[in-house]
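Work through the following exercises with the sequence and the coordinates open beside you.

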Amino acid sequence: MTAITEELVREHNLSDDEYKRILEILGREPNLVELGIFSAMWSEHCSYKSSRVHLKKFPTTGPRVIQGPGENAGVVDIGDGLAVAFKMESHNHPSFIEPYQGAATGVGGILRDVFTMGARPMASLNSLRFGRLDAPRMKHLVDGVVRGIAGYGNCIGIPTLGGETTFHKGYDGNILVNVMNLGLVRTDRIFLGRAEGAGNPVVYVGSKTGRDGIHGATMASEEFAADEAKQKRPTVQVGDPFTEKLLMEACLELFETKTDAITGIQDMGAAGLTSSSFEMAGRAGSGVELDLSKVPVRETGMTPYEIMLSESQERMLLVARRDRLDEVLAIFHKWELDAVEIGRVTDSGRVVLFFEGRIVADLPAAPLSDRAPVYDRPRAPLASPEGPFLWQTEPEPTEFGKCLRRILASPNVAEKSWIWGQYDHMVQTNTVERPGGDAAVIRVKGTKKGIAMKSDVNPFFCMADPYRGGAIAVAEAARSVACTGARPLAITDCLNFGNPEKPEVMAQFEAAVRGIADACRVLGAPVVSGNVSLYNETDGRAIPPTPTVGMVGLLQDVDKHVRMPFRANGDLIAVLGETRDELGASEFLRVVRGRDEGPCPEVDLEAEKRLVDLLATLAEKGLLASAHDVSDGGLAVALAECAMQGGVGATVALDGAARSTALLFGESTGRAVVSFAPGNESAVRDLAKQKGVPFSAAGWVGGDRLRIDGRGKPLVDEPVDALAGLWRGAFRKALEAADVL
Amino acid sequence: MKFGIVVFPGSNCDEDCHHVAKDLLGCEADYIWHHDTDLKGADVVILPGGFAYGDYLRAGALARFSPVMESVAKFAAQGGPVLGICNGFQVLLEAGLLPGAMQINRGLRYVCRDVHMRVENDATPFTSLYPKGSVVKMPIGHMEGNYTAPPDVLDRLEREGRVVFRYCDPEGRVTDEANPNGAARGIAGIANEAGNVVGLMPHPDRCSESLLGNDQGIKMFQSAVSALATR
């Protein structure tokens with residue numbers, strides 16, 4: 001038997017204190033299998049040990065919330081006996097090591113989280129952050145990640161409705177791949193990850209267990225040193241979307257036709273059989289006994305340690321009612337999947353593992369999660385960037401049209417159909433709003449309802465001010481969803497940060513969480529699920545704080561959804577919200593001036609709430625021809641997008657105290673551009689007044705040029721065709737220049 | 001009037017076709033599991049899109065061995081209307097019910113977007129409601145849609161009017177720029193000799209409702225209904 005040495009403990013990423021705690025819980029030394037289990041369960045990835053104290057600040061309940069955080073996915077009631085289950089998760093570290101498989105298995109994992117709840121996955125989004133296209137390996141990473149998401153999502157037949165992609169040097173050494181999925185479930189058929197009923201069989205289904213991904217959860221909880229990415233490759237899992245498709249269809253058939261035959265089910269994600277068995281027993285307050293000799297394996301000679309820590313994909317653990325076991329197995333066998341009884345539920349409160357007739361581990365179930373270490377790590381005071389800022393004193397540009405063209409052609413703003421055109425975004429025939437709009441919209445068959453989804457965060461705002469950045473992420477996502485006519489329901493999140501053991505990183509984390517929590521509270525959108533990804537650092541350099549928010553909204557009547565493009569000649573254009581003299585952290589400064597410079601724009605959450613309510617109300621009353629949220633690139637870019645998408649010009653006059661650059665390109669929050677038939681003007685104006693949202697009549701739709709005046713001075717006058725050609729072609733051109741194509 | 005929709009392991013658009021047949025057209029519709037050989041009295045058989053057997057090896061290469069394909073071949077030989085959409089088209093090619101083969105798109109990437117097609121043959125049971133020469137907009141979503149066949153087979157297809165759809169620009173011009181995958185002679189869909197078996201890469205099932213932004217595809221299903229009604 002392997003002796004547990006100090007070195008071995010360290011190799012398992014456990015601190016001295018943590019090991020002491022293990023000895024206390026067990027009252028003895030662990031063996032190697034047990035040490036591996038503790039290591040996985042207490043990894044940052046599985047235990048949330050550095051983030052837990054802060055995540056408590058999130059509002060997680062609400063009248064529509066059926067399931068909040070803590071399960072495989074959050075569940076929110078949408079009426080008609082239906083609910084949506086959704087979650088976002090990161091696959092950053094694996095994707096940096098092996099982009100195709102890393103991204104593919106990220107998709108596979110989030111889908112399992114959703115269909116485990118009993119939901120049929122309906123739509124995926126992704127939030128991608130890459131470094132500069134000319135950074136080492138970056139073209140390989142961009143190509144591999146997009147192919148990986150496409151390869152998995154397309155094959156399994158779940159539409160990927162877009163998301164967001166940002167390029168910045170801050171991600172040169174750590175890319176981010178955040179994937180979100182939403183599924184539809186009947187409220188009377190929601191399944192949970194609980195091992196209930198002593199004596200019931202524990203069933204293993206899906207792919208066989210291999211040696212891939214052993215210690216993936218631990219890996220995801222470490223920083224990289226240069227070149228280390230290569231050595232870590234064996235810890236990345238390999239995806240098989242076809243098997244997952246079979247697993248998904250088999251599970252959904254089981255849920256639908258044998259609803260009472262199963263008492264709990266959980267996907268084997270990070271830390272595989274370890275986390276699924278311990279969490280299922282822990283949640284139910286029960287225990288389980290597993291015979292690891294019975295686990296279907298891919299190769300001979302696998303040890304109990306490897307079997308428990310493998311992260312082979314496309315596997316599930318479920319608990320069936322003893323008297324219905326045969327019916328359950330029959331469904332999996334119909335789909336030609338392995339389905340094996342590997343153990344049973346007990347009431348011992350312990351997880352006992354057998355292998356070839358002997359006990360190889362015997363651990364209490366609940367303490368592994370209840371008594372997992374929790375750290376309130378030290379935080380440095382946050383240093384907000386202080387003025388005066390250069391942009392406040394430097395002369396304004398002379399050619400604003402040229403600035404607009406440069407911003408439209410920058411990788412962050414340019415149209416990204418090169419990415420989403422590789423994703424099947426139409427399968428399942430629910431896609432009402434395709435990628436490229438403010439938010440994705442799907443209809444719910446058999447009802448009048450629609451669901452809007454948007455993933456969002458501006459990491460540059462978070463760099464300048466993580467609190468405001470977090471709050472703005474929620475507000476902007478809510479605004480985007482409201483622009484389609486939906487009302488925010490709830491959010492999921494994926495909090496990507498650097499090393500939490502660094503006080504300045506922990507300070508960013510705490511502030512961003514506070515910002516998200518405050519915004520969720522004001523906007524009435526609780527956090528129902530989420531994920532934390534820390535240690536996104538290479539060679540000691542942390543990524544920009546990137547708390548991605550996945551907002552879900554509900555349209556009562558999907559026929560009334562509103563789109564971004566300007567529609568008809570003669571329609572009037574108005575700006576809702578207030579434009580301040582703000583240019584900090586803007587796309588303008590990054591693209592035109594080449595600087596990351598603060599401060600983060602202000603955020604007024606109450607004003608955001610009023611705007612969201614106004615946008616949804618305008619849509620419900622059928623008053624709008626188009627609506628578009630103002631964000632990256634400011635009003636000029638928002639107006640250009642409405643015009644380019646609509647293939648029509650616009651003449652706009654902007655007013656206000658802000659300098660011309662800020663009028664055009666400033667990224668003040670809480671704004672939207674709307675257009676409407678002239679006959680609706682007074683109704684729109686009255687409603688805005690009634691809801692307390694500033695309304696500025698700005699211009700009209702028509703012609704073939706985009707003309708923007710500022711305080712009576714002509715600033716921009718460009719042919720829409722030419723802008724659109726630039727905007728549509730720029731991203732492909734950038735990839736070609738970087739040799740991706 | 002009953003649609004039978006074949007479900008292979010890995011079919012993804014079976015429910016989409018079912019939705020069109022049942023919910024939109026009000027016809028009877030039933031799924032046919034690939035292990036079954038009984039077509040359940042279907043009047044029309046649809047092989048839906050997806051990734052049968054994960055498209056492992058080659059799209060359609062494994063699915064053609066499924067037991068149901070013998071029954072589909074028999075049904076087709078008796079003149080029963082069979083429509084293969086996307087992956088279903090690939091399966092029909094592999095099964096030899098239609099001539100030719102698919103290669104990976106010339107761009108070497110999966111392509112999901114709208115395309116335009118010119119209707120070249122309005123005499124099949126799936127295209128009778130489209131005027132010949134008209135332009136139809138439909139979405140595609142595939143990795144292997146680059147249709148190919150030996151020149152004599154292509155010549156024969158053209159001679160016999162068995163090219164059903166060709167990729168074109170919105171004005172109906174068949175150009176290389178309008179060809180999304182490199183398919184030989186811009187071929188998007190073809191028919192068998194008798195004209196009752198049709199395969200195409202674009203998805204009529206994805207454009208059969210105005211809520212989804214396009215309802216031009218439903219005419220393919222309606223054509224089948226009217227073809228059977230007049231038979």
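Two strands pair if DSSP finds at least two bridges between them, and strands (E, at least two residues) as well as helices (H or I, at least four residues) are DSSP runs numbered from the N terminus. The model is predicted, so local features need pLDDT of at least 70 and side-chain atom pairs count only at pLDDT 80 or more, whereas totals for chains, interfaces and linings use all residues. Residues are numbered from 1 along each chain as its sequence is written, while chains are lettered from A and ligands numbered from 1 in the order in which they are written.

**Exercise 1.** Determine the strand order of the open sheet of chain A that contains β14, and state which strands stand at its edges.

Solution. Step one is to follow the pairing, which is mixed and gives the six-strand order β14-β15-β16-β21-β17-β18 in chain A. Step two concerns the ends: β14 and β18 (527–533) of chain A each have a single partner strand, so one side of each is left without a neighbour in the sheet. Step four looks at one pair: β14(A) and β15 (residues 440–443) of chain A are antiparallel and share two bridges, and A:E433 stands opposite A:V441 in β15(A). Finally, helix α21 (residues 503–523) of chain A lies across β17 (487–496), β18 and β21 (546–555) of chain A, and runs at about 175° to β17(A).

**Exercise 2.** Repeat the analysis for the open sheet of chain A that contains β1.

Solution. The order in this sheet of six strands is β1-β2-β3-β6-β4-β5 (chain A), again with mixed pairing. At the edges are β1 (65–67) and β5 (160–167) of chain A, each of which pairs on one side only. Within the sheet, β2(A) and β3(A) run antiparallel and are joined by five bridges, and the bridge partner of A:V75 in β3(A) is A:A85. Helix α7 (residues 99–115) of chain A packs on the sheet, where it touches β3, β4 (120–130) and β6 (176–186) of chain A, and its direction makes about 25° with that of β6(A). Two residues are in contact if their C-beta atoms, placed from the backbone, lie within 7 Å.

**Exercise 3.** Identify the buried residues of helix α17 of chain A and what covers them.

Solution. A residue is buried if 20 or more other C-beta atoms lie within 10 Å of its own, exposed if 12 or fewer, and partly exposed in between, with C-beta atoms placed from the backbone. In α17 (residues 400–408) of chain A, the residues A:F400, A:C403, A:L404, A:I407 and A:L408 are buried. Seen down the axis of α17(A), these fall within an arc of 130°, so they line one face of the helix; the arc is that of the directions from the helix axis to the C-beta atoms. An α-helix has 3.6 residues a turn, so residues three or four places apart point the same way. The cover includes α22 (587–593), α24 (634–646), α25 (660–665), β28 (713–719) and α27 (720–737) of chain A.

Methods. Axes fitted to C-alpha atoms, helices over the stretch in contact; angles between N-to-C directions.
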